[in-house]
Amino acid sequence: MQREARLIQGNQAIAEGAIYAGARFYAGYPITPSSEIAEECSRIMPGVGGMYIQMEDEIASIAAVVGASLAGAKAFTATSGPGFSLMQENLGLAVMGEVPCVVINVQRSGPSTGLATKPAQSDVMQVRWGRHGDQSIIALSPSSVKECFTLTVQAFNLAERFRVPVILAADEIVAHMRESFTAPAPGELEVVDRKKPACPPGQYKPFEAGEDGVAPLAAYGSRYVFHVSSSMHGPDGYSNNSPANAAWRVAQLHRKIETHRDEIVMTRSYYTGDGCDVLLVAFGAVTRAARAAALEARKRGVKAGVLQLITLWPFPDLEVAVLGENARTVVVPEMNYAGQVAGEVRKALGPGKDIRRVNKFNGQIITPKDILEAVM
Amino acid sequence: MSHATGVKYLKDGVLPHMWCPGCGAGTVLGAMLRAFEELDFKNEETVVVTGIGCWGKADDYLVTNALHTTHGRALAFATGIKAFNPRLNVVVLMGDGDSVTIGGNHFIHAARRNIDLTAIVVNNMNYGMTGGQVSGTTPAGKITSTTVYGNPEREFDICALADAAGANYVARGTACHGWELQNSIKEALTKKGFSLVEAISPCPTHFGRNNNLKPALEMIRWLKEKAVPVEQYDPLAHPKEEGYFPFGRLVDRNAPDFNTRYEEIRARAARS
Amino acid sequence: MTEKKDRYEVIMAGSGGQGLIVSGIMLGEAAMLEGKNVVQTQSYGIASRGGFSAAEVIMDRDEIIFQQVEKPDVVLVLTEEAMEKYQDLAGSGIPVFYDTTLLKPRTGENFYGYPFTELAEKLGHVGTANMIALGVMSAVTGLVELESLARVINKRFSGKTAEMNLKALHTGAGLIAG
């Protein structure tokens, strides 16, 4: 990886961040606006002893990623809109089987083929609830080329730490934007590897969680033999349909995330030091427009601040509540129709709060001017 | 000389199995495990990947590594395992629904990619686990719970499909020819590249009951009569329309497998 | 030469296939050599050739917050369609550079028309037209030092291609020397 400052796209930074995090397996199916990640991985992976494999579709891509992860790889895929929809069922298996993996979803405008080359932030709910059944998941959202790199590393760290799929919910803007960027030196960012079993092989149970709620994970081909199943299973990985076991499993999948919420939830606030009358809650590329709007509002005498949601799921409800409580007005700009994040902000702040939505869903970006209109 | 039993791969206390009386899945499992033993497969070096269906429940009986996946996608999961760790023996167990109906796309691409896996497909010509609905291999005209007036569609020939898609090894067997089936599985497991063994199996509970082959024995008799060793098979004497089919080794090639080809890519990347 | 500013916002507009994105990247890389932060964005249609296309470049000593150009300092247009979109900016004091080989001549203040394509053909490769444009734009507005662009050319190209681009750069800069 080059160490000098370069002008590179978010998608390239994602691919490089994955390599930095130790990813050595990429399976994917190209789709705009995520294809540069595939292209970059096909170039880098074979040279670092890794593998790029182009599968027949996105269903197969996430399946191969899960298979490789269970064989010991840090594995990932990248996709967009329609491809992310296709991945949902097997992503559910990754949740159920507690298989660490990372999925980059470069959000684009829909529904269906929609505006295939244009940005959107309309997969917030699909990221969280796209799969059937009770399940929990982690999602992060980058606002710059630098964050494309650092949050990809974080995504792998969280996936490895909690044996859970992590979605990097990027958008077409950060994915295709070029920014001057200097890659961190090796060792500069923390890289986390999954916990491996230390017990005698005969005693290993792949779903027997220790005190912190996350069981160690062996690799196929190690001295530990183990079963992973899409069906309801007991601590040993074998089918177990008892109601007591099912209740324990489903709760366990949630608990490991809930009890470590503070390790997972990341936010950043701007211009909130002196308190703010107007709080802008933003994520992804729109964070930048929100910051520009807040600065402009302050010039015009309105004390505005920004809360950037770096982690989307689990939702930073406490962080929103703390900053939002003292604000007169909360504004949520997002590139979707329904206000997918605004709804969560409403949940965090209650029905009495003045919450204003700024929504754009025509493939065009949200500008500082769009936001200012709601603020002033 | 002692004969392989395959018992060492079986989980304690799982017998008798849960498959219906007259079903061929148990026979195929036995043939596979004996082949494992004859090839001295180690549990820790073996991964059995299963789909969804009667045969897809086979991993419940095993003490090898296993991954029980989603319907139709077993080959794609297995591809990731094998691609990342080519030292593993990866065996994929699917029914006719998994392999060539919902999962048909993965099937042809696994064969085209020539990934070094062995797929063992139990073809019972319908969806047995869920009540005997029509599948991609149900013969035209046959009755199932979703083709109550007869199947208006034609059936896939699984072996021909694998052949056309580029598999290195293709064999057909039946649940009524255990010894031959075991040998085919053994050949498939030792073959580098994508290998397929199709095992035609009776489903007396659904397919047989719906198609006047009610007692399990009827279906077994039918299989014994219609299956002809490939060496003796003569299309004129054994017309397809009357249900005859050849069994045994049908395709045997030695095209380089995916991982071998990828090593060449790595060497090129290292030079560039 | 005009005094160098801490921040420049540049729009380079035309149609797909005119090399605008690459030119935007090279301009950005030159600014990075001068210690600036750079953001380069693009808008394009479905096809990768033809159709309206624009590269935006922001170069700033400080952090670049909003990533899109809001108040352009310099505009380059290479098609009539792009000119129609941006020509009003000239009236508000923003220099609009355009290729007289491809566009009808414009009169009035702040229009800078030069035959980039024709000059490039004379140099031996039509593909150097954008480098001629970057040369004159930098010379007129102080976007980046010519030396920085020359360094970017030498990093990106070698041999004859580098030589031809360097010639183009100086041809462009020379257009306003008199």
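The legends below accompany close-up views of a predicted model.

**View 1. The chains and their contacts.** Two pairs of chains are in contact, and of these chains A and B share the most contacts. Chain B and chain C, by contrast, are joined by no contact, and their closest C-alpha atoms lie 18 Å apart.

**View 2. Chain B as a whole.** Chain B is built from nine helices and eight strands, and its C-alpha trace spans about 65 × 40 × 35 Å along the principal axes. The radius of gyration of chain B is 18 Å, which agrees with the value near 19 Å that would apply to a compact globule of 272 residues. Of those 272 residues, 56% count as buried.

View 3. Over all chains, the structure holds 21 aromatic pairs. In the pair formed by Tyr20(A) and Phe149(A), the ring centres are 5.4 Å apart and the planes stand at 70 degrees, and because an angle over 60 degrees counts as edge-to-face, the pair is assigned to that class. Tyr20(A) belongs to helix α1 (residues 10–21) of chain A, whereas Phe149(A) belongs to helix α6 (residues 145–162) of chain A, so the pair ties together parts that are 129 residues apart in sequence. Both partners fall under the 20% limit for burial: Tyr20(A) counts as buried at 14% relative accessibility, and Phe149(A) counts as buried at 0%.

**View 4. A tilted aromatic pair in chain C.** The rings of Tyr114(C) and Phe116(C) have their centres 6.0 Å apart and their planes at 40 degrees, so this pair is classed as tilted. Tyr114(C) is buried, at 14% relative accessibility, and Phe116(C) is buried as well, with a relative accessible area of 1%.

**View 5. An aromatic cluster in chain A.** Four residues, Tyr26(A), Tyr52(A), Phe76(A) and Phe156(A), form one aromatic cluster.

**View 6. Lysine side chains over tyrosine rings.** The charged end of Lys11(B) sits over the ring of Tyr238(A), a residue of another chain, at 4.3 Å from the ring centre. Within chain B, Lys226(B) lies over the face of Tyr244(B), at 4.5 Å from the centre of that ring.

View 7. Five of the five residues of strand β12 (residues 278–282) of chain A are buried, so β12(A) is largely enclosed by the rest of the structure. In a regular strand the side chains alternate between the two faces of the sheet. On one side of β12(A) stand Val278(A), Leu280(A) and Ala282(A), on the other Leu279(A) and Val281(A), and with all of these buried both faces are covered. β12(A) pairs in the parallel sense with strand β13 (residues 304–309) of chain A over five bridges, in which Val278(A) has Ala304(A) as its bridge partner. The chain passes from β12(A) through helix α10 (residues 286–299) of chain A to β13(A), and this β-α-β crossover is right-handed.

**View 8. Strand β15 of chain A and its two parallel partners.** β15(A) is mostly covered, with six of its six residues buried. Thr329(A), Val331(A) and Pro333(A) lie on one side and Val330(A), Val332(A) and Glu334(A) on the other, and both faces are covered. β12(A) and strand β15 (residues 329–334) of chain A run parallel and are joined by three bridges; in β15(A), Val331(A) stands opposite Leu280(A), and Val330(A) stands opposite Leu279(A). β15(A) is also joined by six bridges to strand β16 (residues 354–359) of chain A, and these two strands run parallel. Within this pairing, Val332(A) stands opposite Arg357(A) of β16(A). From β15(A) the chain crosses through α12(A) to β16(A), and this β-α-β crossover is right-handed.

**View 9. Helix α12 of chain A and the residue that follows.** In helix α12 (residues 340–349) of chain A, the buried residues include Gln340(A), Val341(A), Ala342(A), Glu344(A), Val345(A) and Leu349(A). An α-helix has 3.6 residues a turn, so residues three or four places apart point the same way. Among the buried residues of α12(A) are Val341(A), Val345(A) and Leu349(A). α12(A) is followed by Gly350(A), which has a positive phi, near 90 degrees.

Terms used. Residues numbered from 1 in each chain as written. Chains lettered and ligands numbered in written order. Predicted model: local features only at pLDDT ≥ 70, side-chain atom pairs only at ≥ 80, totals over all residues. Heavy atoms only, no water. Phe/Tyr/Trp six-rings, centres within 6.5 Å; stacked < 30°, edge-to-face > 60°. Helix = DSSP H or I, 4+ residues; strand = E, 2+ residues; numbered from the N terminus. Buried < 20%, exposed > 50% of the residue type's maximum accessible area, 1.4 Å probe, protein only. Lys NZ or Arg CZ within 6 Å of the ring centre and 35° of its normal. Contact = heavy atoms within 4.5 Å. Pairing = 2+ DSSP bridges. Right-handed = clockwise from strand over helix to strand, strands pointing away. Rg over C-alpha atoms; globule rule 2.2 N^0.38 Å.
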